[in-house]
Amino acid sequence: MSLNMLLPLLLGLLLLAACDNRSSVVDGSSANATSRPAAPDADTGDVEWRQHGLNAAETRFSPLRDINSDNIATLGLDWHFDYPTARGMEATPLIVDGVIYTTASWSMVFAHDARSGELLWLHDPQVPREWAVHLCCDVVNRGVAYADGKIVSGTLDGRLIALDADSGKLLWEVQTTDRNRPYSITGAPRIVKGRVIIGNGGSELGVRGYVSAYKLDSGDMAWRFYTVPGNPEDGFENQAMEVAAETWKGGPWWEIGGGGTVWDSMAYDPELDLLYIGVGNGAPWNAKIRSPGGGDNLYLSSIIALDPDDGSYVWHYQTTPGDSWDYTATQHMILADLDINGRQRKVIMQAPKNGFFYVLDRRTGELLSAEPYAGVTWATHIDLDTGRPVESAGARYEKNSTGLHLPGPIGAHNWHPMSYNPDTGLVYIPKQDVPYVFANDTEFAYRPGYWNTGTDALPAALPDDPETKAAVLDLVKGAIVAWDPVAAAPRWEIQHAGPWNGGVLSTAGNLLFQGNSGGHFAAYRADNGAELWRFDAQTGVMAAPVTYRLDGIQYVAVVAGWGGALALVGGEALKAGPIPNRSRLLVFRLGADKQLPTQTTTPLVLDPPELTASAAELLDGQRNYLTFCVFCHGDGAVSGGATPDLRAMTAETHQRWDSIVRGGSHWQNGMVGFAGVLDQQQSENIRQYVIERARITLDSN
Ligand code: CA
């Protein structure tokens, strides 16, 4: 028996000794990374999923191979649990000591028996529903963290909560943000050395980004690191902010906040003792408004390495200097040790929104490779000598609008987790092409608490002319790309019907699992992408699957349920038609054959009243729709399935329109009143615009 084979066994025995009333529990991260045939594992010990990305390196590659490419045909549903919400579901569940912990919409936390699905407890943090207006991308949450008997989770309104893992009892709760600003938390916390690390979101609406650490045992704050400088007159928090401020020029950026939120990805290297955070886009998007004198605007769109003990800056790499396109670098980061040009390198890998796949030396931040993994028009290439992108002519729309850009603000890759499989040497990226027309907003005025991008959304709306519209939609694509990070090149792709597909999991069983916007959960061969198995989930699946083994049975689990940014804003771009949300946890094993209850979908019925508005009133309605409504109700009032399709409003809803839109009578669903920013005529013009959209849809059918 080789040392490699012994290591997992030894670790298992150690853990067994440490907790004598538990079965042998091995974190999936402890397995070795050598290639093995897809035969059932001789070892049958318990293997759980105890950290967000499975391990601190966030590889999302499981060593389990009881379920493999030879026997997957018999994989079937073992149990499922339906959650009481019907909004976006993005969580990666954790499996700890036989319990599966996950989150649903509105930051709710659920604990189930991981074998039977029995609900053990739930915690509803009672997020005020009207907080939804302060969110860019649905009332989602991407999961919890676990350590020392505590489950820690963030809430949409900026709280961090710690729960007793056994009972769900609230242990402590702390407000991590200023409630007078439109901050939110949707990301999963990470726990490093007894501290809970948590960021936040809100750049689209106008905030200053930061990441904080709280002591796990008490909830007391240990440190905070801001990602962009504040008002220089107030002094700088540290030298990193002083350096950063030199790259912001000529504007009171601190009033809107500058952006740079850390809303999703982190990773930790225990050997180097470095914490890596991914930093988001600028606030506003438009660099000319944000920083009229130009500059790189550090540390927007950057990967930053921090000292996890005090949050001090170690190094950074900026993917998109002077970001003007919502090109966040918050996307999933994976740590690996790779042999590059004959040299063993400790790397960090990311496929940020801007379309390039980056491999950096994670000790120093040195750029090793950066090649496009999706359609890219904003830059011709990344100069490896300077580490900087070479921008295309016309990339900067701040001067004049230059037509369709790739990627659009939805990104070539968004939050959906990737997986790095050391058996195949491949990183699997859920990628997409969703073009967008960026245009300068010549009449920009800061509206605190609402969207403030500094871009004019009117040119970005899908055109009505059928030919042009078809040509644009033709450019919209979704796929998994299998990326070779050593060769810095793609190996193969799995094409999907449209964009916004799920996060991925790969396993030593030569398998790749992913849900998709077409309502299926599927498995592919990890070595060549051939489809092996699929299950009708009756809903879109965005979240990343996990796998675990208890009592010798390997399970695969995935959170299903449709929503999120593109589902809200891009109904037609999804190409799959409206996709229903059924918020549920699906758990599979070999030989199981449970069925989901039969579902019927009611088709959209469009019966709009007469259109009475003038052309000028319609244009006003469209402008205000694009300013206040499009982020939840979709381009052209076409719903992606996560919120009601306004074109199908009943006569009664038309009657009550103004009491909903300005009066806020649907606040309990997250639809606040807009009386502060819209007068009655503007509200009516938006209704007329929605009627026009319904009539155009009827005419085109
Ligand atoms: Ca953003």
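Domain bounds, as used in these legends, come from an automatic or database domain assignment.

**View 1. The two assigned domains of the predicted model.** In this predicted model, the protein chain is divided into domain 1, which covers 220-414 + 436-474, and domain 2, which covers 615-700. The centres of domain 1 and domain 2, taken over C-alpha atoms, are separated by 32 Å. To the contact between them, domain 1 contributes 10 residues and domain 2 contributes 12 residues.

**View 2. The interface of domain 1 and domain 2.** Between domain 1 and domain 2 an area of about 990 Å² is buried, and carbon and sulfur atoms give 64% of this area. On the side of domain 1, the residues Tyr-450, Trp-451 and Leu-458 supply 52% of the area that this domain buries against domain 2, which is more than any other three residues supply. Two salt bridges are found across the interface of domain 1 and domain 2. A salt bridge also joins the side chains of Arg-693 and Asp-464, with a distance of 2.5 Å from N to O.

**View 3. The largest cavity and its lining.** Four cavities of 30 Å³ or more are counted in the model, and the largest cavity has a volume of about 80 Å³. Among the residues that line the largest cavity are His-52, Glu-58, Arg-60, Glu-90, Arg-142, Arg-190, Asp-264, His-332 and Trp-415. Sorted by class, the lining of the largest cavity comprises six charged, four polar and two nonpolar residues.

**View 4. The second largest cavity.** The second largest cavity holds about 50 Å³ of space, and its lining includes Ile-185, Thr-186, Gly-187, Ala-188, Ile-198, Asn-200, Val-262, Trp-263 and Met-266. By class, this lining has six nonpolar and four polar residues, together with one charged residue.

View 5. Across the protein chain the mean pLDDT is 91, and 94% of the residues reach 70 or more. Over residues 1-25, however, the pLDDT stays under 50, and for this stretch the model has 23 contacts beyond four places in sequence. Over residues 29-37 the pLDDT is likewise below 50, and this stretch has 18 contacts in the model beyond near neighbours in sequence. Where pLDDT is low, the predicted coordinates should not be read in detail.

Key. Residues numbered from 1 in each chain as written. Heavy atoms only, no water. pLDDT = per-residue confidence, 0-100. Contact = heavy atoms within 4.5 Å. 1 Å grid on protein atoms, 1.4 Å probe; cavity = no way out; pocket = protein on both sides within 12 Å on 5 of 7 lines; lining within 4 Å. Points joined across faces, edges and corners; volume = space filled by probe spheres on them. Nonpolar A, V, L, I, M, F, W, Y, C, P; charged D, E, K, R; others polar. Buried area = accessible area lost by both parts, 1.4 Å probe. Salt bridge = Lys/Arg side-chain N within 4 Å of Asp/Glu carboxyl O.
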